[in-house]
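Open the viewer and follow the stops below in order.

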Amino acid sequence: MHLAVIWKAVSNRSSMCSLRYNTKLVSKITPAVQKPFLMQQRNLHPIIMGTYTNESNIIRLASFINQLKNISTTPYSRNVVDLNVLCKSDMEVRGYVSKVVKVPALAESIKEGTLAKWNKKVGDFVQQDEEVATIETDKIDAPVNSPYSGTILELYANEEESVGVDQDLYKIELGEAPAKAEELETTKEETKKEEPKEKMEESKKEEPKEQKEPKQESKKETTSSKPDSKPTTTSPSSKSEGTTPSRPSKSEDSLYGDREREERHVKMNRMRLRIAERLKESQNSAASLTTFNEIDMSNIMDLRNTYKELILQKHGIKLGFMSAFVKASVFALQEIPVVNASIEGPDGGDTIVYRDYVDMSVAVATPKGLVTPVVRNAHLLSFIEVEKAIADLGKKARDGKITIEDMAGGTFTISNGGVYGSLFGTPIINMPQSAILGMHVTKERPIAVNGQVTVRPMMYVALTYDHRLIDGREAVTFLKTIKEQIEDPRRLLLSI
């Protein structure tokens, strides 16, 4: 009766996805001898308990059932051991459901990406939410986490191939991690292999040292016999045969002809392509103009040197110049709101959007290109909070963990090329914004102060702005306001 129910479910293709053993069949069997027999059939393997979606597994299961039909199923069956043998034979079938994982939604405006790397291969076991692959987009590197725990059966895409959202990515067989029994067996085998080695080493140590002494004597004899040997003379012909004429070096042959000159053609990644596209868009759309000024960094450097150790001990963050320039820019943007505005609308824009908040974009260099994560509500943050936000965003960007949400928006951008030693430069506007502030390296230069020539740490700053929206008066006033705030940090506290 029990085998008939199983065979009926297997032979019926409509029920192959829901083949499960009915425990009520065992409880209805009255003979006490047959009950353990049926219970063992129930626990044979996940063959009976599992759910099947693979057609090859169904065929193997059917052949297994055919063998079971040939076994006597009387209440006094003697074939309980034979069933265990069958379970360990080639008739074993995995009883887990296989799922096809698709490419997840990358971002609101991103429909495809490049499969940058497979972190797992076929046959590897993955936990739920474990990273399986990395997809590179024109903005971020999006990780693909496994929605299930199981073993990877098949990969549907290769590295460096383009994949779209909802495209089949890989196939996974659901299930738990492999049993620890296999690990125990491997450890036992290793210990068994190590035991003979240890015995052999001990036997070698117990051997008398007398065997080594004759060897040493023979070595002495051979060494003493070497000086007595007469030197052999070689004929000129043998010398000419053994030595080859020296060839001139490649540098002696010609200056460029024989030297290796190679070229490598590397396809640009999506982020680099997108950056190039946006930079050209900025140059083609905005009427860019740049104004410059210089800032005496003496007072802000004294403030930083005075309190940087206390801030590090209390807040665990290093005090830099970025927080001061962010706060100075926030004050200047509130004083001159047109710099914080942008042009929007069709055909190049026909509407000016003014904002009473400041979302500060900070340019961060990464191995794949320049990104601009955003410090939200910078007008509400303190110096320490700004430094912490910039440090966190910079670390995420360098580690490749930056998200679309971290870079979305932004009303004004600060780019600090001074960390790389840039003395002077003209930054490019980060569209659709209207202006960008460029910081540069601080250098000691002689300047005139109260009619006297003194050496001060000076920094050049540049403001590139969209002349369609911002006039020269507003741009120069904005940059001058930043200069006054940095040269006298007390203004930032007094808001003057």
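A residue is called buried when its relative accessible area is under 20%, exposed when over 50%, and partly exposed in between (1.4 Å probe, protein chains only). The model is predicted: local features need pLDDT of at least 70, side-chain atom pairs count only at pLDDT 80 or more, and totals for chains, interfaces and linings use all residues. Residues are numbered from 1 along each chain as its sequence is written, and side-chain values use heavy atoms, with hydrogens and water left out.

Start with the whole protein chain. Of its 496 residues, 35% are buried. The chain has 17 helices and 18 strands; these are DSSP runs numbered from the N terminus, with helices being H or I of at least four residues and strands E of at least two.

Next, select residues 322-335, helix 13, and residues 472-487, helix 16. Their axes come within 9 Å and cross at roughly 135°; axes are lines fitted to C-alpha atoms, for helices over the stretch in contact, and angles run from 0 to 180 degrees between N-to-C directions.

Now show the side chains between them. In helix 13, the residues A324, F325, A328, S329, F331, A332 and L333 meet F478, T481, I482, Q485 and I486 of helix 16. Contact here means heavy atoms within 4.5 Å.

Move on to P489, in the loop between helix 16 and helix 17 (490-494). Is P489 buried or exposed? Its relative accessibility is 14%, so P489 counts as buried. Leaving aside neighbours within four places in sequence, P489 is in contact with N299, I300 and L303. From P489 to I300 is 6.5 Å, C-alpha to C-alpha, though 189 residues separate them in sequence.
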